[in-house]
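Dear colleague,

I am passing on the structure below, together with some notes on what was found in it. Please read the notes with the structure open beside them.

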Amino acid sequence: MAIETSHPPLLAPIGGEEAAPAGIGPYRLALRRLRRNKTAIAFGALFLIVVILCLLAPVYANDIAHTGPNTNHITEVIKVGGKSRDVVSPDGIPTGPTWGSKFFFGADPSGRDVAVRLLYGGRNSLEIGILATIITIVLATAAGVVAGYFRGWADGLISRTLDLIWAYPAVLLGVALGVNLALGGISVGPLHIKGNSNWIPALVIGVVYVPYIARPIRGQVLGLREREYIDAARTLGAGHLRIMASEILPNLSSTLVVFVALQMAQSIVLEASLSFLGAGVQPPNPSWGTMISEGVSLITAAPHLVLVPGIMLIVAVLSVNVFGEGLRAALDPRATIRANRT
Amino acid sequence: MTATETGGEAPAPAATAPLLEIDHLQVLFPVRAGMLGRTRAHVHAVDDVTINLTEGETLGLVGESGCGKTTLARTVLRLTKPTGGHLRFRGNDITALGQRDLRPFRAEVQMVFQDPQASLNPRKRVGQIISAGLALRGMPEKDRPARVRELLAQVGLSPEHVNRFPHEFSGGQRQRVGVARALAAEPRLIVLDEPVSALDVSIQAQVVNLLDDLQDRLGLSYIFVAHDLSVVRHVSDRIAVMYLGKIVEVSPAEALYSRPIHPYTEALLDSVPIPDAERARRARKPVQGDPPSATAPPPGCRFAGRCPHATDVCRRVEPPLVAYPGGHLAACHHPRNVSAEDLAAAVISPSSPASSGDSLPGSEAAL
């Protein structure tokens, strides 16, 4: 019955090479590729520096600038290079950068330290960006996996609901929701979120971006569910939940990691936009968006009010974006992950 | 055995109870169209198929692409829900069981897939992949690593490979992992869905021999799906030929090659490549044309449109499966390679599709 062939003894290992006990997994391969991408690593480090600086805001405020983010110094006089200078001149123009310990980046029209506000504002901006990204990714993954895996009416319900959100421009929807919720806050049962909490913009941004992530994930799940290893799992008695969690989700991980990085940049930008329009972080709390918004009217007389938070915003968004692209190239060399942006 | 009323059973002692009974099984896939997704037609993937499998037997299942052999294999595993008929495993009806009730059955019947690349989750280590079957059998977690190593050795892989990922293996090695995963559940029946057609020819023989050895040692039963007759010949005890959702011929393996009864089987045999150029030049009549649509199969014999021997009756009356001596069944009004005695001893098999006619070949009505 056996086919005539030189047929190896059954128990001998095929393939020969011994040892090498730990296999080289997809992640390790990706990490190797990422490490070769010096640009991505450099920009990733830059983003990390921004994050660390913002986290150190209280240290800077207490030990170097000796002032808080919301403390007014409007009537005070400072010495710069031996000469006295009003923090805010009588006609309302705040001082520019002193490059000293106090008012390093100058003051704002209320006599507050721009550098201190920049770091505290960064904390808010990054916190909202990260929270919003987590909300988006978690909701979008759940929606995309369920819709793509079950198809049928579940898919119809989820996809049409997402279309409803998708039909509005993200900024417009964000402003509408943000303004409304900032006024009254949210009360769900015993849970109450105050109008000036960072959770409001984080929730708004998180929800607004769900369809943009859920769609490509759903598409990928539609492909994954037809793979033979899903059938193999079913013949081994795995239920739907088990298949989604242990067969499909691990195969989405590269996509999700890339989306987290790219979505972070998107969320930070939207936070800035909403705050600029008064629908995000509520004054007097700082954020990069509110700082730009407060400085716009003085853009010619005191350009540092717009430039300083603006440049910081660009650095943060650019660095996380370039790093995200590097991650994408490393995790997905064949470019199968498709983000659907408008 | 007098090869009379035994239908699709093996030419084994009649005392052996069938392991698996496929009883008038039907699988229709709805074809949806339009905005509302209304069902416009059905694809007749498996249409009234009856065949039994005894313990320790290998049943070869052949036919061209789209004939329903893979659907039949998947339905046996309940990966596809049958729309009609019954599936019985060791006498228990599993046709309508829900996923939870299927679990005991799941361990008994496993599958090895066609594409070893697609059938192993690229994110999992080989050890994790194989352990799934052990978990299904309820083996405690601490005992699993040792058993995984045993299984790897059993399929000819090094136990050192437990922590590797599928992409670190060659095609043949991956298929061995697939076999180990199936074995982990300690099944009685393994459905092999073209297990070697994605492999190099040299590797094919190795994997086929591995399957053969495992069968001898573990007493497994196989359903071996293939699209050509050359591979199944060596492994099968019995071979069923499918055409457009129906079984057209079932016979002990050697008899099918030496004495094909159905013209389609004959044509399939003619399309097996022959390495000898001299023999290859001789008259061969491989199948011409394409099979008819499976959404609207023709009345009568489904092969009639491509059959060189078709007559009027073939286009009108669906031929019943007729049992000839020697456990050889064929559904044809104009059987090939049968003697007058064979015809005289022939009876209509109970495995015939319900829609088929009731006239024996050679009788008045069939002419």
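In chain A, helix α4 (residues 114-150) packs with helix α5 (residues 152-166) at an angle of about 140°, and their axes lie 7 Å apart. Please keep in mind throughout that this is a predicted model. The angle between α4(A) and α5(A) is about 140°, and angles over 145 degrees would count as roughly antiparallel, so the two helices are oblique to each other. The crossing in which α4(A) passes α5(A) is left-handed. On the α4(A) side the contact involves A143(A), V146(A), A147(A) and F150(A), which meet G152(A), A154(A), D155(A), I158(A), S159(A) and L162(A) of α5(A). Sorted by class, this contact between α4(A) and α5(A) has seven nonpolar, two polar and one charged residues.

A second pair of helices in chain A can be described in the same way. Helix α10 (residues 240-276) and helix α11 (residues 288-295), both of chain A, pack at an angle of about 40°, with their axes 7 Å apart, and α10(A) and α11(A) are therefore oblique to each other. Here α10(A) passes α11(A) in a right-handed crossing. From α10(A) the residues that make the contact are E271(A), A272(A), S273(A), L274(A), S275(A) and F276(A), while α11(A) contributes W288(A), G289(A), T290(A), I292(A) and S293(A). By class, the contact of α10(A) with α11(A) has five nonpolar, five polar and one charged residues.

Helix α9 (residues 228-235) of chain A is largely enclosed by the rest of the structure, because seven of its eight residues are buried. Those buried residues of α9(A) are Y229(A), I230(A), D231(A), A232(A), A233(A), R234(A) and T235(A). They pack against α10 of chain A and also against elements of chain B, namely α2 (99-108), β6 (109-112), α3 (126-136) and α5 (171-184). After α9(A) comes G237(A), whose phi is positive, near 85°.

Finally, a word on the nonpolar cores. The largest nonpolar core has 106 residues, and those with the most contacts inside it are L61(B), V76(B), V191(B), I223(B) and F224(B). Leaving aside residues up to four places away in sequence, F224(B) touches T58(B), L59(B), G60(B), L61(B), L192(B), V232(B), V235(B) and S236(B). There is also a second, separate core of 82 residues, which includes A140(A), L162(A), F259(A) and I268(A).

With best wishes

Definitions and conventions: Residues are numbered from 1 along each chain as its sequence is written. Chains are lettered from A and ligands numbered from 1 in the order in which they are written. This is a predicted model: local features need pLDDT of at least 70, side-chain atom pairs count only at pLDDT 80 or more; totals for chains, interfaces and linings use all residues. Axes are lines fitted to C-alpha atoms, for helices over the stretch in contact, and angles run from 0 to 180 degrees between N-to-C directions. Helices (H or I, at least four residues) and strands (E, at least two) are DSSP runs, numbered from the N terminus. Angles under 35 degrees count as roughly parallel, over 145 as roughly antiparallel, 65 to 115 as roughly perpendicular and the rest as oblique. A crossing is left-handed if the near helix is turned anticlockwise from the far one by less than a right angle, and right-handed if clockwise. Two residues are in contact if their C-beta atoms, placed from the backbone, lie within 7 Å. Ala, Val, Leu, Ile, Met, Phe, Trp, Tyr, Cys and Pro count as nonpolar, Asp, Glu, Lys and Arg as charged, and the others, Gly among them, as polar. A nonpolar core is a set of buried Ala, Val, Leu, Ile, Met, Phe, Trp, Tyr and Cys residues joined through C-beta atoms within 7 Å. A residue is buried if 20 or more other C-beta atoms lie within 10 Å of its own, exposed if 12 or fewer, and partly exposed in between; C-beta atoms are placed from the backbone.
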